[in-house]
Amino acid sequence: MKVLVIGGGGREHALAWRLAQAARVSRVYVAPGNGGTRADSRYECIDISEPAALRAWAQKEKIALTVVGPEGPLAAGVVDEFLAHGLRIFGPTKAAAQLESSKAFSKAFMQRHKIPTAEYQAFTDAAAAHAYVDAKGAPIVVKADGLAAGKGVVVATTLEEAHEAIDFMLVDNKLGISHNEGGARVVIEEFLQGEEASFIVLCDGRNVTALATSQDHKRLQDDDQGPNTGGMGAYSPAPVVTAEVHARAMREIILPTIRGMEKDGIPFTGFLYAGLMIDAAGHPKTLEFNCRMGDPETQPIMMRLKSDLFEVFWHATDGTLDQVELDWDRRVALGVVMAAHGYPLSPRKGDRITGIPPETADAVVFHAGTIIEDGELKTSGGRVLCVTVLADSVKQAQQRAYAVAARIHFDGAQYRKDIGHRAVHARGSQG
């Protein structure tokens, strides 16, 4: 069977890596892929991105299964295009992907179906948004309505920061947001206290299978300081998601979302990622939904997955996920993102990368913002690599990951030195 993975980041590299190990898979194509997938004989990279052209190529090549990685192609309707021509593809339709592509749609949906989330208001008018922030005070959260590659959320600790974020998103569009129909819009919501976790499930329209829990690190610098990023590292499992929190998230958030989408006539198939904020009493609320695997959470999750991923996706596209029982490595997986100079606002490209060690059974360097230019591996984006390892404890995983990262060099490389710090001090966890 031939398989296609759409996307070019670290998440897609990790999905392709796991799919390449599947018993029935003969070839894994990645569109467009990156420097890491191009240099590896296990994959073939395809330079096609437009949905109809990609679908025509998949038909011609007799691709058995397509998996969509990033949010952009989902919002562009690539799943609808493939399904309309009878092709097997895993991901939500354009309508269902609004859970991510429109924060306003998502918040209204949660309110309508009584899914726990933060109090909010949506604005297209900057003056009204500024007035709302002044009335509510800080801390407060400002979110762009459209897709912003994980950078469209500002947790403002001061009123000044909140006002600046509103102007960035509504007036200047300094974050490069893809606005939805009706133009620029922001969602402003209450600041929730607690600990974040990434709760990712597979959905086939009706049945749900939870993936291993994980925790992302959004801030650029150690101790959760500095600007928000697309994610500087992750580990799995996440101790904050206890058995009780897991059950509550499924009961109060995930299942009502799947039932709600079905009820609204938009059945949801694909990855559903609920960003949770878990308070001190263990009550989860939904910060936001993504309609894809998280990046960098995918990398540690794929390292821990022992099940045949192709067979899992086959069930998911057949509507038989209830027949799937996922098998996980009991060890901890931890991934450290190495980012380019100037990330997240103005990442530098073209720096030469050296020192990446060969892959081993418990250490893989997944590529994201890399390219092969004149026969050399170079940086081509903000998040360049994700050094991902398996070990018996979080502490050991940290030591191993940082030992690998220390061997890799590119000018201006920046990475956090404390990925997994919360789990080092936590007791008891649920995979």
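**Exercise 1. Find which residues are linked with Asp-224 in a network of salt bridges.**

*Step 1.* Start with the criterion: a salt bridge is a side-chain nitrogen of Lys or Arg within 4 Å of a carboxyl oxygen of Asp or Glu.

*Step 2.* Applied to this predicted model, the criterion links Asp-224, Arg-416, Asp-418 and Arg-422 in a network. Because the model is predicted, local features need pLDDT of at least 70 and side-chain atom pairs count only at pLDDT 80 or more, while totals for chains, interfaces and linings use all residues. Residues are numbered from 1 along each chain as its sequence is written, and side-chain values use heavy atoms, with hydrogens and water left out.

*Step 3.* For the whole structure, the number of salt bridges is 29.

**Exercise 2. Work out what the salt bridges Arg-42 to Glu-359, Glu-71 to Arg-292 and Arg-88 to Asp-318 tie together, and whether their residues are buried or exposed.**

*Step 1.* For accessibility, buried means under 20% relative accessible area, exposed over 50%, and partly exposed in between (1.4 Å probe, protein chains only). Helices (H or I, at least four residues) and strands (E, at least two) are DSSP runs, numbered from the N terminus.

*Step 2.* Arg-42 and Glu-359 meet at 2.8 Å, N to O. Arg-42 sits in the loop between helix H2 (35-38) and strand S3 (43-45), and Glu-359 in the loop between strand S18 (332-339) and strand S19 (363-367), so this pair ties together parts 317 residues apart in sequence. Arg-42 is partly exposed at 32%, and Glu-359 is partly exposed at 39%.

*Step 3.* Glu-71 and Arg-292 meet at 3.2 Å, N to O. Since Glu-71 belongs to helix H4 (residues 71-75) and Arg-292 to the loop between strand S17 (284-290) and helix H11 (298-304), the pair ties together parts that are 221 residues apart in sequence. Here Glu-71 counts as buried at 13%, and Arg-292 counts as buried at 10%.

*Step 4.* Arg-88 and Asp-318 also form a salt bridge, at 3.2 Å, N to O. With Arg-88 in the loop between H5 and strand S5 (89-90) and Asp-318 in helix H12 (residues 309-318), the pair ties together parts 230 residues apart in sequence. Arg-88 is partly exposed at 22%, and Asp-318 is partly exposed at 43%.

**Exercise 3. Describe the open sheet that five strands form, and the helices that pack on it.**

*Step 1.* Helix H1 (residues 10-19) touches S1, S2, S3 and S4 (contact means heavy atoms within 4.5 Å), and its direction makes about 170 degrees with that of S1. H3 touches S1 and S2, at about 165 degrees to the direction of S1. Axes are lines fitted to C-alpha atoms, for helices over the stretch in contact, and angles run from 0 to 180 degrees between N-to-C directions.

**Exercise 4. Identify the residues with the most contacts inside the largest nonpolar core, and the element that supplies its largest share.**

*Step 1.* A nonpolar core is a set of buried Ala, Val, Leu, Ile, Met, Phe, Trp, Tyr and Cys residues joined through side-chain atoms within 4.5 Å.

*Step 2.* The largest one has 45 residues, and Leu-4, Ile-254, Phe-268 and Leu-272 have the most contacts inside it. H10 supplies the largest share, seven residues.

*Step 3.* Beyond its neighbours within four places in sequence, Ile-254 is in contact with Phe-199, Val-201, Val-208, Ala-249, Leu-272 and Ala-274. Another core, of 41 residues, lies apart and includes Val-3, Val-30, Ile-200 and Ala-333.
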